[in-house]
Amino acid sequence: MRRSPRSTRPAHPVPLRLMHWIGVYAMGCMMFSGWTIYNASPSLPFVFPHWTALGGWLGGALAWHLGAMWLLMLDGLAYIVYGLATGHFRRHLRLSSPPDFARDLGAALRFRLAHRLGHYNAVQRTLYAGVVAVVVLQVLAGLAIWKPVQLQWLVDLFGQYPVARHIHLALMLAIASFVVVHVSLVAIHPRTLKSMLASVPMESEEQP
Amino acid sequence: MTAPHRRVAVKPDDLASELARASRRGFLRRTLSLGGLAMLSGCDLSTHSGVDDALRAVLRFDDRVQAALFSRQRLAATYPAADITRPFRFNAYYPDWQVRAVPDNWALHVTGRVGRKQSWTVSELMALPQESQITRHICIEGWSQIGQWSGVPLRVFLQRTGADLGARYVAFRCYDGYSTSIDMASALHPQTILALDFDTRPLEPQWGAPVRLRIPTKLGFKSAKNLEAIEVTSRFPGGYWENQGYDWFAGV
């Protein structure tokens, strides 16, 4: 494999890397404490393993959940403002056309999709834009079940309180699925992990 | 514990200090499991109390946000009688077989910053104006159910007792050992009632006889059952669950 010509721009600018890892921490706190809260009264016939439980008991888990939510919301707001202001969303997360998506998905499933640091293919664009949208919806669903009286209008967007609660659970599963796929792809392309940690130059758009 | 050649393995005094330390750290120890440690790799045992303090500080911040979000005009949704959950789920800090009967000579005591520190019988409470509501009871555990309660609006009751409505808290003590407290703004909310009836019948002990708080703008654990005393105060009263780490404002 030929080396890609080096450019001086990092694959991921410092603010993005910072927001990514703050988001990982906040989302981790939210997910693991959320599992403990769910376990207090499981609405489906399963519970999450106790060794994953953050907070240890319902009161502790809620303290984590209602604390980490501020970090997640601040991080998410900063990311959205950054993404809109710098054109990051426009350049990197704009959804590709369905034929492009089908082509890249086919290549990805055959493990033949090239990965160039700093450039997202159609599958990545869809996954990343999708998870951003799901996290925004998840925060809204969470606020709805936190304040079903004071934010009644928000509950009405999702249906009744018990419906919003199940949507919150379903969106969590969607985010967890994304994490599984995302981390698996990073494991296949370990240099992407390095590029999210350190300043690794962006690779050329040309096919390597 | 440090003396090297002690004959008795564990003395009561040793246990006492251990227990005191355990209870001081109780909240924290329950907040930190393997999942907690995974999120806090790098923290050792000595910093755990700092994490605990940070969590408590965030809960106090959350309480201020909740108080700001709260509006005395905004009503909890009400439902038609057909939506009432049947059978209604029993809930307390003990199982239902431990429900206690109403004590003989029961009366509701009113103390603190009130004009008339009198005690009220059920028939005296029944003589006050009554309100009925069919609202959703939302438990901190996440489940919810719709029920019907009727009784005296707490606002009306506080006015009748000549309570200082500028006081900060209204605290509730129950004959089953439970306790809780709410902010004055929530106490004066039109849907906050001292319920005497559940499902159109006088309260039975498991539903909070003879009088319970019903406050649909807060989580279920704030709707204290089996009341025996109400105190109007500006000194933070805490509560059974709140003292263990449940968020105090607990608004919905």
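In chain A of this predicted model, helix H1 (residues 14-40) and helix H2 (residues 58-85) pack with their axes 8 Å apart and at an angle of about 150 degrees. Here axes are lines fitted to C-alpha atoms, for helices over the stretch in contact, and angles run from 0 to 180 degrees between N-to-C directions. Helices (H or I, at least four residues) and strands (E, at least two) are DSSP runs, numbered from the N terminus. H1(A) and H2(A) are therefore roughly antiparallel to each other, given that angles over 145 degrees count as roughly antiparallel, under 35 as roughly parallel, 65 to 115 as roughly perpendicular and the rest as oblique. Their crossing is left-handed, a term used if the near helix is turned anticlockwise from the far one by less than a right angle, with right-handed used if clockwise. The contact of H1(A) with H2(A) has 20 nonpolar, five polar and one charged residues. In this scheme Ala, Val, Leu, Ile, Met, Phe, Trp, Tyr, Cys and Pro count as nonpolar, Asp, Glu, Lys and Arg as charged, and the others, Gly among them, as polar.

Residues are numbered from 1 along each chain as its sequence is written, while chains are lettered from A and ligands numbered from 1 in the order in which they are written. As the model is predicted, local features need pLDDT of at least 70 and side-chain atom pairs count only at pLDDT 80 or more, whereas totals for chains, interfaces and linings use all residues.

Chain A as a whole has eight helices and two strands, in the order β-α-α-α-α-α-α-α-α-β from the N terminus. Its C-alpha atoms fill a box of roughly 55 × 35 × 35 Å along the principal axes. Of its 208 residues, 27% count as buried, that is, with 20 or more other C-beta atoms, placed from the backbone, within 10 Å of their own; exposed residues have 12 or fewer, and partly exposed ones lie in between. Among contacts in chain A with a separation of 6 or more, 64% involve residues 24 or more positions apart, two residues being in contact if their C-beta atoms, placed from the backbone, lie within 7 Å.

Helix H5 (residues 122-146) of chain A has 25 residues and reaches 36 Å between its first and last C-alpha atoms, close to the 36 Å expected at 1.5 Å a residue; the expected span is 1.5 Å times one less than the number of residues. The buried residues of H5(A) include Val135(A), Gln138(A), Ala141(A) and Trp146(A), and their cover includes H2, helix H4 (98-109), helix H6 (152-158) and helix H7 (161-188) of chain A. H5(A) and H7(A) pack at about 150 degrees with axes 9 Å apart, and are therefore roughly antiparallel. Their crossing is left-handed. Contributors to this contact include Val135(A), Gln138(A) and Ala141(A) from H5(A), and Ile167(A), His168(A) and Leu171(A) from H7(A). By class, its residues divide into 17 nonpolar, three polar and one charged. As for H4(A), its 12 residues should span 16 Å at 1.5 Å a residue, and its end C-alpha atoms are 16 Å apart, which agrees. H4(A) is followed by Phe111(A), with a positive phi near 55 degrees.

The contact between the chains takes 32 residues from chain B and 29 residues from chain A. On the chain B side, helix H2 (26-31), helix H3 (34-39), helix H4 (48-69) and strand E3 (131-138) each supply at least two residues, with the largest share, five residues, coming from H4(B). The side of chain B that touches chain A divides into 15 nonpolar, 11 polar and six charged residues.

The peptide bond from Arg86(B) to Pro87(B) is cis, with omega near -5 degrees, and Pro87(B) lies in the loop between H4 and E1 of chain B. Another cis peptide bond joins Ala209(B) and Pro210(B), with omega about -5 degrees. Thr200(B) has a positive phi near 70 degrees and is exposed, with 10 other C-beta atoms within 10 Å. Asn226(B) also has a positive phi, of about 50 degrees, but counts as buried, with 27 C-beta neighbours inside 10 Å.
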